[in-house]
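Let's walk through this chain together, question by question. Have a look at the sequence and the fold first.

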Amino acid sequence: MIYDFVYLLLLLTGIVVLVENRLSRIILFLSIQGFLLIFPVVQTHEDDWKHAISLISLVVLFKAILTPLILRWTANKSKMNESTTPRFGYLATLLFMILGLVLAVKVTEGVTALTIPVHKIALIYVILLVYVGVLCFVVRRNWLALIAGFCVFENGIFVLTMVLDKGLPFGLEFGSFLDAILVIVSGGILQLSPHMHTKERKV
């Protein structure tokens with residue numbers, strides 16, 4: 001099923017954001033993940049194309065374009081080091097991922113039917129995507145990678161609510177784009193704070 005494959009790609013892009021050591025590639029895959037969110041929107045709003053088109057426009061603007069652009073602009077202005085590594089190393093990160101896979105399988109045990117035609121394995125992918133976003137807060141040190149992890153977490157929550165509830169009222173869905181607002185505000189604050197510039201260059 002094509003949507004199951006899309007959920008797998010969403011998870012894989014999240015894993016790349018988690019383990020990638022180049023900031024430019026982290027931002028690139030975060031943008032790719034934003035574009036992939038179009039497919040769950042289409043799947044859950046196929047009976048309401050007016051709503052779907054409005055939501056897709058927000059997804060593309062906020063998640064696929066605006067958030068990555070702001071992150072890239074802030075990283076360039078801050079003269080941030082391009083290379084970054086996980087706090088505990090790649091082996092420990094892999095062990096955390098295995099633990100998350102086990103937990104996701106346990107959470108979905110007994111799930112036989114959903115409100116939309118999504119297989120159990122797809123639900124596992126989405127839960128793991130949320131977990132990967134949380135894991136970024138544990139294993140990442142670079143603040144830009146931390147914000148990217150927050151975006152992955154929020155993208156996972158966005159997809160999970162659609163999978164389980166077949167979409168939310170439009171006003172509530174708009175709240176799922178607060179990650180872009182956070183990125184914009186954070187980027188602006190960092191550019192206005194000489195202390196943060198000095199601290200970043202010393203890292």
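Q: How many helices and strands does the secondary structure of the chain come to?
A: In this predicted model, local features need pLDDT of at least 70, side-chain atom pairs count only at pLDDT 80 or more, and totals for chains, interfaces and linings use all residues. Residues are numbered from 1 along each chain as its sequence is written, and side-chain values use heavy atoms, with hydrogens and water left out. Helices (H or I, at least four residues) and strands (E, at least two) are DSSP runs, numbered from the N terminus. On that basis the pattern along the sequence is α-α-α-α-α-α-α-α-α-α, and the totals are 10 helices and 0 strands.

Q: Is helix 6 largely enclosed or largely open, and how many of its residues are buried?
A: Helix 6 covers residues 120-139 and reaches 28 Å from its first C-alpha to its last, close to the 28 Å expected at 1.5 Å a residue (the expected span is 1.5 Å times one less than the number of residues). Buried means under 20% relative accessible area, exposed over 50%, partly exposed in between (1.4 Å probe, protein chains only). Helix 6 is largely enclosed by the rest of the structure, because its buried residues number 14 of the 20.

Q: Which side chain makes a polar contact with the side chain of Q33?
A: Q33 lies in helix 2 (residues 23-36) and counts as buried, at 1% relative accessibility. Beyond its neighbours within four places in sequence, its contacts (heavy atoms within 4.5 Å) include L10, L129 and N155. A polar contact is a pair of N or O atoms within 3.5 Å; within protein, one must be able to donate a hydrogen and the other to accept it, and residues adjacent in sequence count only if both atoms are side-chain atoms. At 3.0 Å, the partner is the side chain of T13.

Q: Which residue forms a salt bridge with E154?
A: A salt bridge is a side-chain nitrogen of Lys or Arg within 4 Å of a carboxyl oxygen of Asp or Glu, and the structure holds 2 of them. One joins R25 and E20 at 3.0 Å, N to O. For E154, the closest N and O atoms of the pair are 2.3 Å apart, and the partner is K63.

Q: How many residues apart are E154 and K63?
A: Both E154 and K63 are buried. E154 sits in helix 7 (residues 143-165) and K63 in helix 4 (residues 49-77), so the pair links distant parts of the chain, 91 residues apart.
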